[in-house]
Amino acid sequence: MNTAKVIDKLNEILKHEWTGVAQYAQQAFLVTGPWRQVFAGLFNEGAEESFKHARTIGDKIVALGGVPTIERNKIQQSRELEEMLEQALAFERAAVEHYKQAIDLCEDDRALVVLLEDILLDEQQGVDNLEKLVRQTKAAAQSKKQARHAG
Ligand SMILES: [Fe+2]
């Protein structure tokens, strides 16, 4: 395993997770209307999950002899719930790709593979869940439109 390369990739992941902490927290702040009751909690959970992953990855970077990044990428923000969910979905899909790439780089370190696979599973569950939510909100918007036209 090329340790320097793995550390670089883990730092790229850490940067993504720090972005998740800020982006999900911002979404939890900004979501308004009756759906706030449901989605503020979901977005806060996303921020907490990103922080949990950031801690695991940061600890591993130090164990490998590296320095964890404190940088993050530009966050996506919106006041529209559907757009927020699309942004969250894009974020989780990117996370899945990052973890898959990291796993490819460290295949001879089984423990690290297991650690990353464990997080990969969280990220994939995030994608699956958000895909269902986006489908649901799109269907709801459609039927609302139809109801308006009918009236
Ligand atoms: Fe994550």
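Because the model is predicted, local features were considered at pLDDT of at least 70 and side-chain atom pairs at pLDDT 80 or more, whereas totals for chains, interfaces and linings use all residues. Residues are numbered from 1 along each chain as its sequence is written.

The chain contains four helices and zero strands, helices (H or I, at least four residues) and strands (E, at least two) being taken as DSSP runs numbered from the N terminus. In order from the N terminus, the elements run α-α-α-α. Taken along the principal axes, the box filled by the C-alpha atoms is roughly 65 × 25 × 20 Å. Of the 151 residues, 28% count as buried, where a buried residue has 20 or more other C-beta atoms within 10 Å of its own, an exposed one 12 or fewer, and a partly exposed one a number in between, with C-beta atoms placed from the backbone. Two residues are in contact if their C-beta atoms, placed from the backbone, lie within 7 Å; among contacts between residues at least 6 apart in sequence, 78% join residues at least 24 apart.

Helices α1 and α2 pack at an angle of about 160°, with their axes 8 Å apart, and the axes of α3 and α4 come within 8 Å and cross at roughly 155°. Here, axes are lines fitted to C-alpha atoms, for helices over the stretch in contact, and angles run from 0 to 180 degrees between N-to-C directions. Angles under 35 degrees count as roughly parallel, over 145 as roughly antiparallel, 65 to 115 as roughly perpendicular and the rest as oblique; α1 and α2 are therefore roughly antiparallel to each other, and α3 and α4 are therefore roughly antiparallel to each other.

Helix α4 has 41 residues and reaches 59 Å from its first C-alpha to its last, close to the 60 Å expected at 1.5 Å a residue, the expected span being 1.5 Å times one less than the number of residues. The buried residues of α4 are Leu112, Leu116, Ile119, Glu123, Gly126 and Leu130, and these pack against α2 and α3.

The largest nonpolar core has 26 residues, of which Leu10, Ile13, Leu14, Ile57, Tyr99 and Ala102 touch the most other members; such a core is a set of buried Ala, Val, Leu, Ile, Met, Phe, Trp, Tyr and Cys residues joined through C-beta atoms within 7 Å. Two or more residues are given to this core by each of α1 (3-30), α2 (36-63), α3 (81-105) and α4 (110-150), with α3 giving the most, eight residues. Apart from its neighbours within four places in sequence, Tyr99 is in contact with Ile13, Leu116, Ile119, Leu120 and Glu123.

Tyr24, in helix α1, is buried, with 25 other C-beta atoms within 10 Å. Leaving aside neighbours within four places in sequence, Tyr24 is in contact with Phe43, Gly46, Ala47 and Ser50; the C-alpha atoms of Tyr24 and Ser50 are separated by 8.7 Å, although the two residues are 26 apart along the chain. Glu45, by contrast, has its place in helix α2 and counts as partly exposed because it has 13 C-beta neighbours inside 10 Å. A separation of 9.3 Å was computed between the C-alpha atoms of Glu45 and Ala28, which are 17 residues apart along the chain.
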